[in-house]
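Reader: I am about to look at a protein model. Could you guide me through it?

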Amino acid sequence: MRRFSLWLRGKPVVADSALAAIFVLLEIIGVGNAHNKLAYLAIGVLLPLPIALRRVYPRAMAAATLALSLTESLVGFLVQDDADHVAQLSHGIMLYTLVAYVGRRDGLWYGLGLVVDLVLSIVAIGKPSGSDSVFTAMFYALCWTLAEFIGARHAYDAEVAARLAVADYDKERRAHDAVAAERTRIARELHDVVAHAVSVIIVQADGAKYALRRDPDAAEQALATIASTGREALRELRRTVALLRTEHAPDQLPQHGTAGIAKVVEMMRGTGLAVELELTGELDDIAPEVSLGVHRIVQESLTNTLRHAGPHPKAWVRVRRTDADVLIDVTDTGGASPTEPGARIQGSGLGLVGMRERVAVLGGSLDAGRHADGAWRVHASIPLRSDPAD
């Protein structure tokens, strides 16, 4: 049953079509109580049909249901038939659908349409009665309340899913950064191995050249040193190069440039963090290491805002490229005062340390701190060109 329930949840049209079919069946069963059976059957079959697509096209199906209900009042007035339709319950279902899946505003507009329909029913065919009107109002109120609970649950599930997506994305990014750091370490080790071995070989070769005739034993010792150093260097070189043979496919690499920044901002917005993004200048043709640095600073700053900036955080992200560097400015509302106990989640501070280290490696600068108005600001400057240390 659980597997069937999950399958049915993924196919809303199937479940809603079954519900519409039940209403049609009930209308067919109740046709015997109508004075004008043909008119009753036509309205009874048409009125539940929009339910089948209520979650696919909620606004259109709600309008169709309302139009059919108004048509029912008109037909009832013309044929003087005041028979009740079980399918009128579809109004409550449509009201629930609009409030839960679209929004309160659409639900209010639909409620006004129901009031108009009720007034026309009373004027045209004298129904419903007072007690029926009270029951109808209570039924609509129940549908609205249930939709509020379900809508809140959907919003909560969506936010949890967005936060999980951010966590997964952050995990992947951190894994990629770890791999990049390891590759940098291997490259430095390779440089040390090759530079040391070549330096030793050159020095020993020069010594062997001068000692070849004067001191054959010293020349032989120098040549032996050259051979052993070369073998050791070759062994270290093979080991290091073997670690670099596995490459990631291009589509598996993290996005940089404007696309990467926009993706991080969009994912953060999905968690409930209001973010305003401003990108200035050409940011897609800068060096990959600079682009990655910009990406990580924005990501870490917004993550800190999400964690520490209070219940309704908001952030402003501005990335601007100049002729010489890239300027990153991330400002948030700052959240609760740090003097309030338990107002903000205390962090380890490693994120800020990591940002400073990353910017320092790229030859830039980073300032972070709280303003007098309580806002927290991170400002970084990364040069477009830097001379790597030898």
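Reader: What kind of model is it, and how are residues numbered?

Author: This is a predicted model, in which local features need pLDDT of at least 70 and side-chain atom pairs count only at pLDDT 80 or more, while totals for chains, interfaces and linings use all residues. Residues are numbered from 1 along each chain as its sequence is written, and side-chain values use heavy atoms, with hydrogens and water left out.

Reader: How many helices and strands does the protein have?

Author: The secondary structure comes to eleven helices and five strands. Helices (H or I, at least four residues) and strands (E, at least two) are DSSP runs, numbered from the N terminus.

Reader: And what share of the residues is buried?

Author: Buried residues make up 33% of the 390 residues in the protein. Buried means under 20% relative accessible area, exposed over 50%, and partly exposed in between, using a 1.4 Å probe and protein chains only.

Reader: In what order do the strands of the sheet come?

Author: The open sheet of five strands has the order β1-β2-β3-β5-β4, with mixed pairing. Two strands pair if DSSP finds at least two bridges between them. β1 and β4 stand at the edges with a single partner strand each, so one side of each is left without a neighbour in the sheet.

Reader: Which way do β1 and β2 run, parallel or antiparallel?

Author: β1 (residues 274-280) and β2 run parallel and are joined by seven bridges. Within this pair, L277 has V317 in β2 as its bridge partner.

Reader: What about β2 and β3: parallel or antiparallel?

Author: β2 and β3 are antiparallel, again with seven bridges. The two strands form a hairpin with three residues between them, and V317 stands opposite V330 in β3.

Reader: How many residues lie between β4 and β5?

Author: Five residues lie between β4 and β5, which form a hairpin; G374 in the turn has a positive phi of about 95°.

Reader: Changing topic, how do α9 and α10 sit together?

Author: Their axes come within 9 Å and cross at roughly 10°. Axes are lines fitted to C-alpha atoms, for helices over the stretch in contact, and angles run from 0 to 180 degrees between N-to-C directions. α9 and α10 are therefore roughly parallel to each other; angles under 35 degrees count as roughly parallel, over 145 as roughly antiparallel, 65 to 115 as roughly perpendicular and the rest as oblique.

Reader: Which residues of the two helices meet?

Author: Residues including G257, V264 and M268 in α9 meet residues of α10, among them S291, V298 and L302. Contact means heavy atoms within 4.5 Å.

Reader: Which members of the largest nonpolar core touch the most others?

Author: M268, I297, L302, V319, V326 and I328 do, in a core of 31 residues. α10 gives the most to this core, with six residues. A nonpolar core is a set of buried Ala, Val, Leu, Ile, Met, Phe, Trp, Tyr and Cys residues joined through side-chain atoms within 4.5 Å.

Reader: What is I297 in contact with?

Author: Leaving aside its neighbours within four places in sequence, I297 is in contact with I328, M355, V359, L366, V378, A380 and I382.
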